[in-house]
Every structure is written in C-alpha cells, then in structure tokens.
There are 4 protein chains.
Amino acid sequence: MIVLCDFNLVTIGDGTSISKYIVECHKIFQKHGLKTNIHAFGTNIEGTWDDISSAIAECHNLIHDLGVKRILSTIKLSTRNDREQNIQEKIDAVKNHL
Amino acid sequence: MIVLCDFNLVTIGDGTSISKYIVECHKIFQKHGLKTNIHAFGTNIEGTWDDISSAIAECHNLIHDLGVKRILSTIKLSTRNDREQNIQEKIDAVKNHL
Amino acid sequence: MIVLCDFNLVTIGDGTSISKYIVECHKIFQKHGLKTNIHAFGTNIEGTWDDISSAIAECHNLIHDLGVKRILSTIKLSTRNDREQNIQEKIDAVKNHL
Amino acid sequence: MIVLCDFNLVTIGDGTSISKYIVECHKIFQKHGLKTNIHAFGTNIEGTWDDISSAIAECHNLIHDLGVKRILSTIKLSTRNDREQNIQEKIDAVKNHL
C-alpha cells in the first residue's frame, strides 16, 4: 500500500528540546529510503505503509533506548486510488493558485 | 511493541455519512482481537503496533474496495516504558478527580 | 458556529504524568458550560467555537502558570450544515451496528 | 497568546479535490496578516490564537457557503514560555543536523 503520511513526534517527561530526537528519526527514514519533507510540526513521508510503520516503530524504540520514558506520535495516513499522489504535487496544487 | 492508539478515519469524495465504514473497521479490529473504546472522533485501541498497523492497512484496503477513492486516517501512537498503560486507567486518571 | 471538537493536550519538558493538568482543563470546560466526553486520548467537546477556542486558550495559560514551559494541543474541529451533530449520536451510529 | 499552529482541513461529502478550498483558506490567512508555510498535509501558521481561531472559523463558514456540507479540521497548537518560537527555526533545528 503506497501512502502519503505526516509524522509528528513529541517526548513527554524529558526536556523541552525535541529536535535532537527528530534528527534521529530522519536518519531512520533515510535508512529506509523514504522521501521526506520537513515542516514546523512534523515530516511528510512518501512510501509504503509497511516501510513507514516499521520506521515509526524503530523511532519509538530508539528514543526509548536514549532514555525517554514516554512518547506520543501523531500520524496522518492518506491513500487514494483515483490517481497517484506525492508530496510536491500536493504542495503545488495550493501554491500555484496563490 | 505494546501501544495505545487513537484511530480516526474519514472518507473523501464519498457521502457525508462515514459510520458504515467505521463499523467495518471495528469488525477488522475484532478479528485481530484488539481492545477498543469508541468515542465521537475515533476509537482508542490497545495492542501491538504490528497488529494495529496491519489492521489499519486492512481498513483502508477494504474501504477502497467498497468504492471510496480517497481516505485520510489520523493515528495517535503512545508508548511508555516507565509503567504499563491501558485505555481504562487513562480515562479513570482524569474522571476520578472530577 | 456550533461545533464538535476533540481536544488532546500534552505537556513537554515536565514529568510523564499529565492527568493533573487535564483535570484543570475540565474545570475550565465545566466553567464554560461545555458538554464533554473523556476518552483515553482526549476529550470530545460540544459547544460554540468561540467558547471552545477561548477555553483552550485558558487551559494553555493556566498550565503555563502552573510552571509548564511547553504545551502542545491537538484539536479536531467538525462542522456540518446538513443536520445537527452531537457526541452521543456519533458514538451510537457505530455502536448500534456492532 | 502568540502561538504556532498547524492547520489541516478536509471536506467530506464533496469531491476528492480539496486544494481549491485550501486556496480560499490561504486568502483568509493572508487577509489576517498571518505568516504561513504550506506542506503536503496542511499549513504551519504563526500568529495570535485570537487571529488564528477567528480565521479558522471564517474558513469553515466560507467553505460551507460554497456548498460543502461537512468539514473536519485538525489543528495543532503549540505554546512555550521559555523562549520564542517560529516556523523557520523549528525547521532549521532539524535540517541543520541532517
């Protein structure tokens, strides 16, 4: 199942700075060959649901191993079968009309 | 990885009534033996991430097979290693103090 | 604008226990006369968007006053004009078919 | 209350194409003087919560006026008082380490 996702992760019970953990997540996404786009509240991800859901599990496991006790992720999962979808055309579909 | 999730699904480009599709999702959750709690904006789910992420893929595939062209799910994924978590104690932790 | 909302709040850079803050949020919702339903990942809220968005601002301000440096809320906002909507009928629309 | 938000809107019971409505939302954000960043699953917004929550109500009202019966928005709301936050530094905090 080819999907577009949006992934947001926060650590709870740790410090206020989360970006160092997000950097680790991106190394995991890169290892899986996933295409990504970073924004201020998370990361758009293109790939298969198997790859992305596995990568997200790796992110949680790694961040727990780094000492964080509690993690909350929010994942948006988009599928459509009327046509292909990708990160850039979704952005362009709005930007080209502004 | 044992997790607590919250799952919300909407169909896009179909009618305004979504509950019939949510009923189908719940049959899939039941088949996987997942513990659930229904609320007005989705379903709390207890289980392993492998089971839940597979069940969610089945939900998308089934609903596309039923003729829906576009689906958006929002998944919240909570993990913690300081203690066990379950749906009912999270609810009670608030309700018992009101 | 009458709306149905779902509200989830987490504190970042504080301890792993958040329920004490959610209890304070519920006191604010009660003060505003908002109808609520607690679940494991947040609270369904019925009311006007003016009341709910004001109450959410009060929640953030109070929790910062209690010493929390960083707060992230996720709000789902549903409106429809084809018919009335309320928390209980949305739950029943699924539960009655299981 | 100065906030960072993420805003995602979907129309339900209309066609599969939503971008035309998102373009209308952006005209409303521009009218309010809000700083924005478009991504594949929504828009990061910088401003006051009063301005942003009002703009979101205008978006729902306008899109209903355009004939859409049901709308679901997801809003992430971030506040912090330990330091200032803005869209670009949140993105750079991750990108500069990749």
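## Strand pairing across chains

C:S78 has D:L72 in β4(D) as its bridge partner. This is a predicted model, in which local features need pLDDT of at least 70 and side-chain atom pairs count only at pLDDT 80 or more, while totals for chains, interfaces and linings use all residues. Residues are numbered from 1 along each chain as its sequence is written, and chains are lettered from A and ligands numbered from 1 in the order in which they are written.

The bridge between C:S78 and D:L72 belongs to an antiparallel pairing of β4(C) with β4(D) that runs over eleven bridges; strands are DSSP runs of E with at least two residues, helices are runs of H or I with at least four, and both are numbered from the N terminus. Two strands are said to pair if DSSP finds at least two bridges between them. Within chain C, strand β1 (residues 2–12) also pairs with β4(C) in the antiparallel sense, over nine bridges, and C:V10 stands opposite C:L72 there.

In a regular strand the side chains alternate between the two faces of the sheet. In β4(C), C:R70, C:L72, C:T74, C:K76, C:S78 and C:R80 point one way, C:I71, C:S73, C:I75, C:L77 and C:T79 point the other way, and all are buried. A residue is buried if 20 or more other C-beta atoms, placed from the backbone, lie within 10 Å of its own, exposed if 12 or fewer do, and partly exposed in between. Because eleven of the eleven residues of β4 (residues 70–80) of chain C are buried, the strand is largely enclosed by the rest of the structure.

## Symmetry and interfaces

Chain D can be laid on chain A by a turn of 180° and a shift of 0.0 Å along the axis, with an RMSD of 0.0 Å, the superposition being by least squares on the C-alpha atoms of residues with pLDDT of at least 70 in both copies. That is the relation of a two-fold axis. D:H39 is the residue of chain D that comes closest to this rotation axis, at 3.4 Å (C-alpha). A rotation of 180° with 0.0 Å of shift likewise superposes chain A on chain C, with an RMSD of 0.0 Å.

The table sets out the two contact surfaces, where residues are in contact if their C-beta atoms, placed from the backbone, lie within 7 Å.

| Side | Residues by class |
|---|---|
| Chain D, touching chain A | eleven nonpolar, seven polar, six charged residues |
| Chain A, touching chain C | three nonpolar, four polar, two charged residues |

Here Ala, Val, Leu, Ile, Met, Phe, Trp, Tyr, Cys and Pro count as nonpolar, Asp, Glu, Lys and Arg as charged, and the others, Gly among them, as polar. In the pair D and A, 24 residues of chain D are in contact with 24 residues of chain A, and α3(D) gives the largest share of the chain D side, six residues. For this pair, 100% of the interface residues of chain D are also interface residues in chain A, so the copies meet through the same surface. Between A and C, nine residues of chain A are in contact with nine residues of chain C, and β4(A) gives the most to the chain A side, with three residues.

## Helix α1 of chain B

In α1(B), B:I22, B:C25 and B:F29 are buried. They cover an arc of only 55° around the axis, which puts them on the same side of α1(B); the arc is that of the directions from the helix axis to the C-beta atoms. The cover over the buried residues of α1(B) includes β1 (2–12), β2 (35–39), β3 (42–48) and α2 (49–65) of chain B, together with α3 (87–95) of chain C. After α1(B) comes B:G33, whose phi is positive, near 70°.
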